[in-house]
Amino acid sequence: MAVYTEVTDEALTAFLERYEIGTLLAYRGIAEGVENSNYALKTTQGDFILTLYEKRVNPEDLPWFLGLMEHLAANGLTCPLPVRAKDGQNLNPLAGKIAAITTFLPGVWPRRVGIEHCEPLGAALAKLHLAGQGFAATRKNGLGPDAWGPLLAKCEGADSVQPGLAAELEGWLGQITAAWPKDLPVGHIHADLFPDNVFFLNGEISGLIDFYFACTDIYAYDVAICLNAWCFERDFSFNATKSRALLRGYMAHRELSAAEQAAMPVLAQGAAMRFLLTRLYDWLNTPAGALVTPKDPMDYYRRLRFHLAAKDASAYGL
Ligand SMILES: Nc1ncnc2c1ncn2[C@@H]1O[C@H](COP(=O)(O)OP(=O)(O)O)[C@@H](O)[C@H]1O
Ligand SMILES: N[C@@H](CCOP(=O)(O)O)C(=O)O
């Protein structure tokens, strides 16, 4: 579960006095999620989400994340809207952490991704990219290609997961970073738009959440992240029908240029490498008995092997 920081009634009641969102009726920790502590709040004015930021979030980045969410919401994207306190601040201290309150979004994320989810997801991703244009501040991707080598170096004991894994990843990493595209269109990307960050209601997307890996990077890389997260089956086979639906949804709102399409295999390799490495690091460094069960890095090893074997963009239905 992801409640790393406990919040007492007294501390929360005092915290809420900073805001004009009514008085507290109930709150509960949310078990889902990996990175931060989340609580569902019910006040006399409705439902809200309280987030306390934990280890992987750099506090200096928080104003950028919340500013981007405000900008996206103002430009028609349904995402959590940070609530400002009476003094105008949207970040405030709570239980020794920095915390924010955002609006609650109705809907549920798809536990089993179907083809019917993929086209709306692609469309929502393109709308996010378009809505982000005009948000002037930028944020470098802290988990981009230049971070992968140092992260792999910190994955001590990788060979205990699979013999020879460290050397194999090092070889692929060199190959992927050498081929990484340099001139593709960039803008603000979500960078973690997995099914658990996309809510659906009555067959339609009701909101996108979790912007805490968002950054300024290659748009098509965000597409490649989604191909990884949405288009593989449980047996790790790639579902080209899902991929075509996702790309169709995306390109209905933002065309992918010939160069973006041609780069899709290497972008998908990089996306698989990024999630493989963060999962591997967590797998090797999460103490037994911790609150969160680390995700299996080898799920992304299998995806990576698929992308390494992809001859060209036709592997994705392009
Ligand atoms: N704005 C929101 N509206 C409704 N539920 C939310 C909202 N934000 C977070 N949640 C709930 O909290 C869970 C974890 O949120 P998430 O942002 O993915 O956490 P983490 O950053 O720790 O991975 C989600 O799966 C969802 O159940
Ligand atoms: N999507 C990442 C983990 C990050 O978790 P989230 O709950 O913040 O989406 C993965 O699957 O490795």
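Of the 18 residues around ligand 1, those that come nearest are Glu-32, Gly-33, Glu-35, Pro-80 and Asp-210; a residue is near a molecule if its C-beta atom, placed from the backbone, lies within 6 Å of it. The structure is a predicted model, in which local features need pLDDT of at least 70 and side-chain atom pairs count only at pLDDT 80 or more, while totals for chains, interfaces and linings use all residues. Residues are numbered from 1 along each chain as its sequence is written, and chains are lettered from A and ligands numbered from 1 in the order in which they are written.

The shell around ligand 1 comprises nine nonpolar, five polar and four charged residues. In this classification Ala, Val, Leu, Ile, Met, Phe, Trp, Tyr, Cys and Pro count as nonpolar, Asp, Glu, Lys and Arg as charged, and the others, Gly among them, as polar. Ligand 1 lies between domain 1 (9-103) and domain 2 (115-316), because both give residues to its shell. The domain bounds come from an automatic or database domain assignment.

Ligand 2 is surrounded by Gly-33, Val-34, Glu-35, Asp-192, Phe-194, Asp-196, Asn-197, Asp-210, Phe-275, Thr-278, Arg-279 and Lys-295. By class, this shell around ligand 2 has three nonpolar, three polar and six charged residues. Domain 1 and domain 2 each supply at least three residues to the shell around ligand 2.

The centres of the two domains, taken over C-alpha atoms, are separated by 27 Å. Domain 1 contributes 19 residues to the contact and domain 2 contributes 17 residues, two residues being in contact if their C-beta atoms, placed from the backbone, lie within 7 Å. The side of domain 1 that touches domain 2 is made up of 10 nonpolar, six polar and three charged residues.

Helix packing was examined next. Helices (H or I, at least four residues) are DSSP runs, numbered from the N terminus. Their axes are lines fitted to C-alpha atoms over the stretch in contact, and angles run from 0 to 180 degrees between N-to-C directions. Helix α9 (residues 264-285) packs against helix α10 (residues 298-309) at an angle of about 165°, with the axes 9 Å apart. α9 and α10 are therefore roughly antiparallel to each other, a term applied to angles over 145 degrees. In this contact, α9 provides Pro-265, Ala-268, Gln-269, Ala-272, Met-273, Phe-275, Leu-276 and Arg-279, and α10 provides Tyr-300, Tyr-301, Arg-303, Leu-304, His-307 and Leu-308. The contact of α9 with α10 has 10 nonpolar, two polar and two charged residues.

Helix α9 also meets helix α4 (residues 145-153); the axes of α4 and α9 come within 10 Å and cross at roughly 35°. The crossing of α4 and α9 is left-handed, that is, the near helix is turned anticlockwise from the far one by less than a right angle. Pro-145, Trp-148, Leu-151 and Leu-152 of α4 meet Gly-270, Met-273, Arg-274, Leu-277 and Tyr-281 of α9. Seven nonpolar residues, one polar and one charged form the contact of α4 with α9.

A further pair is formed by helix α3 (residues 115-132) and helix α7 (residues 240-251), whose axes come within 6 Å and cross at roughly 30°. The residues of α3 in this contact include Ile-115, Cys-118 and Glu-119, and those of α7 include Thr-241, Lys-242 and Ala-245. By class, the contact of α3 with α7 has 11 nonpolar, three polar and three charged residues.

Terms used
Helix = DSSP H or I, 4+ residues; strand = E, 2+ residues; numbered from the N terminus. Parallel < 35°, antiparallel > 145°, perpendicular 65-115°, else oblique.
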